[in-house]
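Hi everyone, thanks for coming. I'd like to walk you through one model today, so please have a look at it with me.

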Amino acid sequence: MGDVDLEQRDPFPVEREDEKPGEEDLPDGRVKLGCCEKFQQSISRWMLPADARSTYLQRANCCPPPIFIIVISVVELSMFIYYAVWKPQKQWVTLEEGIWNSRLTYRPEYRQEAWRFLSYMFVHAGVEHILGNLFMQLLLGIPLELVHKGFEVGMIYLAGVLAGSLASSIFDPMSALVGASGGVYALIGGYFMNAVVNFREMIPLLGVFRILVIVIILGVDFGFAFYRRFPGDEGGMKVSFVAHFGGIVAGMTVGYVFFSDYNKKLLKDPRFWMCIVGYLVFFLFAVVFNIFISPVST
């Protein structure tokens with residue numbers, strides 16, 4: 001086998017070492033695997049096509065640990081507890097004045113406060129909302145971050161959050177936004193595209209199971225989102241569900257490129273540039289729409 005260009009094996013922009021810490025050579029030349037490596041090896045057999053497994057195993061390690069997804073989850077949970085316990089509202093069950101008047105919540109009449117296009121991810125509309133988002137982002141985010149590291153997972157997560165609020169400001173401009181569903185759906189979108197594209201190379205039953213589970217989860221979550229937007233809204237407090245669509249589109253495009261590009265730098269992948277250009281065009285259009293076209297007065 002010919003020499004492999006190391007530059008081709010390192011992803012952009014995070015540099016990773018080929019040899020993971022904690023590995024020891026056995027007398028016969030094989031590498032002794034720790035618990036983390038054995039777990040990753042089992043996951044790779046069940047969830048990846050054969051030609052991607054070796055690269056996955058080279059990159060999957062617990063150093064650095066999945067800090068981004070854990071930190072963002074702790075912050076979101078802390079903010080929920082703050083509004084649920086220290087604010088005199090019924091935050092455990094529904095959307096109330098506490099988070100409705102929060103300076104973190106995205107509200108169309110305050111969209112000139114640009115931070116709200118991202119900060120809405122820190123506040124949630126109820127127990128099922130926060131628990132569902134935390135469960136999904138930890139379930140998907142930790143394994144993804146073990147391979148792709150915090151920078152890449154963080155970029156996709158935040159791209160989904162921003163795409164969600166921008167899409168909502170265009171297609172549902174009169175509604176507010178709370179929750180991290182845009183970021184969660186970006187992770188789901190990237191994972192879903194991987195499952196679909198690699199379906200023929202997977203164990204058939206597992207491939208069907210993965211896609212079916214994703215579809216069921218999306219269906220249940222969209223049901224809650226529709227309820228909060230239409231029959232379940234209280235006192236005119238309408239929370240948009242369009243952020244889900246924005247997040248999943250970001251995940252199925254930018255996220256898929258990040259999560260599937262094992263063997264070469266992203267700067268050399270034309271799909272990466274196509275996704276970046278498309279995202280920037282959408283971003284600029286959303287900015288122009290909110291400044292000059294939006295029906296909501298500020």
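Before we count anything, a word on terms: helices (H or I, at least four residues) and strands (E, at least two) are DSSP runs, numbered from the N terminus. On that basis the protein chain has 11 helices and 2 strands, and from the N terminus on, the order of its elements is α-β-β-α-α-α-α-α-α-α-α-α-α.

Some housekeeping. This is a predicted model, where local features need pLDDT of at least 70 and side-chain atom pairs count only at pLDDT 80 or more, while totals for chains, interfaces and linings use all residues. Residues are numbered from 1 along each chain as its sequence is written, and side-chain values use heavy atoms, with hydrogens and water left out.

Let's start with the chain as a whole. I'll call a residue buried under 20% relative accessible area, exposed over 50%, and partly exposed in between, using a 1.4 Å probe and protein chains only. Of the 298 residues in the protein chain, 49% are buried. The chain exposes about 15100 Å², with carbon and sulfur atoms supplying 70% of that; these areas come from the Shrake-Rupley method with a 1.4 Å probe, and for residues, only the protein chains shown count as cover. Contact, for us, means heavy atoms within 4.5 Å. Among contacts between residues at least 6 apart in sequence, 72% join residues at least 24 apart.

Now to the interior. A nonpolar core here is a set of buried Ala, Val, Leu, Ile, Met, Phe, Trp, Tyr and Cys residues joined through side-chain atoms within 4.5 Å. Which residues touch the most other members of the largest nonpolar core? They are Tyr 157 and Leu 187, out of 44 residues in that core. The elements giving two or more residues to this core are α4, α7, α8 (181-197), α9 (204-229), α10 and α11 (270-293). Helix α7 provides the largest share, 12 residues. Another core, of 5 residues, lies apart from this one, and includes Tyr 83, Ile 99, Val 123 and Val 178.

Leu 187 is worth a click. Not counting residues up to four places away in sequence, Leu 187 touches Ile 69, Gln 137, Leu 140, Gly 141, Leu 144, Val 153, Tyr 157 and Phe 259.

So how does α7 meet its partners? For the geometry, axes are lines fitted to C-alpha atoms, for helices over the stretch in contact, and angles run from 0 to 180 degrees between N-to-C directions. A crossing is left-handed if the near helix is turned anticlockwise from the far one by less than a right angle, and right-handed if clockwise.

First partner, α8. The axes of α7 and α8 are 7 Å apart, and the helices pack at an angle of about 65 degrees, in a left-handed crossing. Among the residues making the contact are Asn 133, Gly 141 and Tyr 157 of α7, together with Ser 181, Val 184 and Leu 187 of α8. By class, this contact has 12 nonpolar, 8 polar and no charged residues, where Ala, Val, Leu, Ile, Met, Phe, Trp, Tyr, Cys and Pro count as nonpolar, Asp, Glu, Lys and Arg as charged, and the others, Gly among them, as polar.

Next, α10. Helix α7 (residues 127-171) and helix α10 (residues 242-260) have axes that come within 7 Å and cross at roughly 145 degrees, and this crossing is right-handed. The contact includes Gly 160, Ala 163, Gly 164 and Ala 167 of α7, and Gly 246, Gly 247 and Ala 250 of α10. Its residues divide into 13 nonpolar, 7 polar and 1 charged.

Let me finish with a few single residues. Glu 76 lies in helix α4 (residues 67-86). Is Glu 76 buried or exposed? Glu 76 counts as buried because its relative accessibility is 0%. Leaving aside neighbours within four places in sequence, Glu 76 is in contact with residues including His 124, Gln 137 and Tyr 157.

Back in α7, Asn 133 is buried because its relative accessible area is 3%. Gly 141, also in α7, has 0% relative accessibility, so Gly 141 counts as buried too. Gly 141 and Val 153 are 12 residues apart in sequence and 7.3 Å apart in space, C-alpha to C-alpha. Thanks, and I'm happy to take questions.
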